[in-house]
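My entries follow in the order I took them.

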Amino acid sequence: MKIVVFSDPHRGKDISVFKPERIDIWGNEFSSLFNKILKKEKDFDLLVCLGDLIADKSSSEDFKSYAEVISFLKKIKAECLFVVGNHDCKNLSHSDLSKLINRKRTYYSADIMGVKHIVLSANWVDKKGYTLLEDELGWLDEELKNSNVPCIIYSHYPFDNQNLKKSKYFSKEIDVFLRERDDVQRLVGKYSTKIKLIVFGHVHQYNKSKIKGVSTFTVPSMTEDNGGKPSGEYAVIDTGKEFSLNIYRV
Ligand SMILES: [Fe+2]
């Protein structure tokens, strides 16, 4: 099974985070970058967006933008899984987003081609950080316990122990990680033989690490600035003999 994964396109506008005269995130370039990926990766079975699909503006504009990008991505033949990021749910409720992605909730699983794909979701809670939704931790335990096939976990917010001292956006933020990081890591240890890969977004830069022996990857933002142009980075997961993840560029 071949899975194309991209993260944090912030589709809709170019964003200057640090300096007004410099673009940091090339959100306007999303469609053309994605079309280039389609040209390069002809046959794949699943597309995963790791979150921050849109650049947030207001609830009405975000709803329209999210709906537009979903319909744009539906032109591909492969199935799509959407992970909700903090910019997606800044103005949109999880209820709105679950309708947009055509799922009961924004955390869910899908059994596709002999692999269980588990998508996590979280919400910002003041003074607490990015927090899993209502019954999500117990649900995750059950999903892993009951799975008879290998699993991949996707989460916008990392829950590994990566060092972010050199992060462009998060070097001083302590709230970048999932609040229940320790609990989720414990579950990863409990079911480490079933979990083949864990994939994060949010940070905009690549990282590779391990949790209890399970490989984790942070997929860089496809529209992050790279010397005056978008990086065009994305990942391909091959679930062949070994579950592997490699980063490519368009
Ligand atoms: Fe994010």
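**Entry 1: β7.** I started with strand β7, residues 115–119, and found five of its five residues buried. I call a residue buried if 20 or more other C-beta atoms lie within 10 Å of its own, exposed if 12 or fewer, and partly exposed in between, with C-beta atoms placed from the backbone. Strands here are DSSP runs of E, at least two residues long, and helices are runs of H or I, at least four long; both are numbered from the N terminus. This is a predicted model, in which local features need pLDDT of at least 70 and side-chain atom pairs count only at pLDDT 80 or more, while totals for chains, interfaces and linings use all residues. Residues are numbered from 1 along each chain as its sequence is written.

Which residues cover the two faces of β7? Val115, His117 and Val119 lie on one side, Lys116 and Ile118 on the other, and all are buried. In a regular strand, side chains alternate between the two faces of the sheet.

**Entry 2: the partners of β7.** I count two strands as paired if DSSP finds at least two bridges between them. β7 pairs with strand β6, residues 108–112, in the antiparallel sense over five bridges. Ala110 has His117 in β7 as its bridge partner. The β6 and β7 hairpin has two residues between the strands, and Met113 there takes a positive phi near 50°.

I then looked at the pairing with strand β10, residues 151–155. β7 and β10 run parallel, with four bridges. Ile118 stands opposite Ile153, and His117 stands opposite Ile152.

**Entry 3: β10.** Is β10 buried or exposed? Five of its five residues are buried.

I noted a right-handed β-α-β unit made of β10, helix α5 (residues 181–190) and β11. Right-handed means that, with the strands pointing away from the viewer, the path from the first strand over the helix to the second runs clockwise.

**Entry 4: Lys196.** I picked this lysine in strand β11, residues 195–200. Lys196 has 20 other C-beta atoms within 10 Å, so it counts as buried. Which residues does Lys196 contact, leaving aside neighbours within four places in sequence? They are Pro150, Cys151, Ile152 and Phe243. A contact means that the C-beta atoms of two residues, placed from the backbone, lie within 7 Å. Lys196 and Ile152 are 44 residues apart in sequence, yet their C-alpha atoms are 5.8 Å apart.

**Entry 5: the six-stranded sheet.** I traced the order as β6-β7-β10-β11-β13-β12, an open sheet with mixed pairing. β6 and β12 (207–211) are the edge strands, each pairing on one side only. Neighbouring strands are turned by 20° against each other on average, direction ignored. For such angles, axes are lines fitted to C-alpha atoms (for helices over the stretch in contact), and the angles run from 0 to 180 degrees between N-to-C directions. Strands of a sheet pair through backbone hydrogen bonds, either parallel or antiparallel.

**Entry 6: the five-stranded sheet.** The order is β5-β4-β1-β14-β15, again open and mixed. β5 (79–82) and β15 (244–249) each have a single partner strand, so one side of each lacks a neighbour in the sheet. The twist averages 25° from one strand to the next.

β14, residues 233–238, and β15 run antiparallel and are joined by six bridges. Val236 has Asn246 in β15 as its bridge partner.

**Entry 7: the whole protein.** I counted five helices and 15 strands. The radius of gyration is 17 Å, close to the 18 Å that the globule rule gives for 250 residues, so the protein is as compact as a globular protein of that length. The radius is taken over C-alpha atoms, and the rule is 2.2 Å times the number of residues to the power 0.38. Along the principal axes, the C-alpha atoms fill a box of roughly 50 × 45 × 35 Å. Buried residues make up 43% of the 250. Among contacts between residues at least 6 apart in sequence, 65% join residues at least 24 apart.
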